[in-house]
Amino acid sequence: KLVVMQTDERFVALDSNDCNWHQLANAGFDTKHAATFPMLVEGKTRDEIAEQYSETVLREFIAADYIIGQFGVGSDGHIAGIKPNSLASTSDMLVCGYQGEDFERITLTFPALQQVDEAFAFVFGEAKRPIIERLLSDIPSLAEFPAGVLRTTPISTVYNDQIEDN
């Protein structure tokens with residue numbers, strides 16, 4: 001059984017170009033052979049969605065034999081929707097909804113991400129070279145550098161175009 005879940009979403013209209021699920025669908029992401037769980041639900045508040053998605057995450061993670069996470073990493077070191085020093089970076093819930101500096105966000109948190117068995121992270125562009133270097137050095141705290149969670153995953157693969165053979 002293949003299950004596809006989101007790690008984060010912007011709290012926007014389902015048909016918005018800022019909606020991650022909408023972007024996947026427009027890019028041709030084929031989910032016909034998988035159970036899918038998009039985060040956004042029409043008519044629900046951000047906090048209602050976060051609570052409902054937390055229940056979904058708990059149920060699906062318990063049922064999973066193996067959890068794979070696919071992530072992008074931002075130039076500020078965020079992963080999923082966990083921005084540095086945000087409410088999500090210190091939440092003990094599985095899913096957190098909060099107001100970011102750019103969007104309202106709903107995201108899996110560290111308690112959820114630390115259940116991932118294998119992570120794949122895509123970190124491209126010269127502006128992200130410092131992020132890769134920081135991943136390879138000491139990480140002060142996950143709250144300050146959320147991408148550091150990749151170091152807690154049993155298997156992490158980082159794809160990049162800046163540093164070879166790492």
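Ring pairs link Phe120, Phe122 and Tyr159 into a cluster. Rings of Phe, Tyr and Trp (its six-membered ring) pair if their centres lie within 6.5 Å. Planes under 30 degrees apart count as stacked, over 60 as edge-to-face and the rest as tilted.

A word on the source. This is a predicted model: local features need pLDDT of at least 70, side-chain atom pairs count only at pLDDT 80 or more, and totals for chains, interfaces and linings use all residues. Residues are numbered from 1 along each chain as its sequence is written, and side-chain values use heavy atoms, without hydrogens and water.

Back to the rings. The whole structure holds two aromatic pairs. In one, Phe120 and Tyr159 have ring centres 6.4 Å apart and planes at 20°, so they are stacked. Phe120 is in strand 7 (residues 118-123), Tyr159 in strand 8 (residues 155-160), 39 residues apart. Strands here are DSSP runs (E, at least two residues), and helices are too (H or I, at least four), numbered from the N terminus.

Next pair. Phe122 and Tyr159 have centres 5.1 Å apart and planes at 10°, so this pair is stacked. These two are 37 residues apart.

Phe122 is partly exposed at 31%. Buried means under 20% relative accessible area, exposed over 50%, partly exposed in between (1.4 Å probe, protein chains only).

Three strands form an open, antiparallel sheet in the order 2-6-5. Strands pair if DSSP finds at least two bridges between them. Strand 2 (8-10) and strand 5 (95-99) each have a single partner strand, so one side of each lacks a neighbour in the sheet. Strands 5 and 6 (residues 104-108) pair over five bridges. Tyr98 bridges to Arg105 in strand 6.
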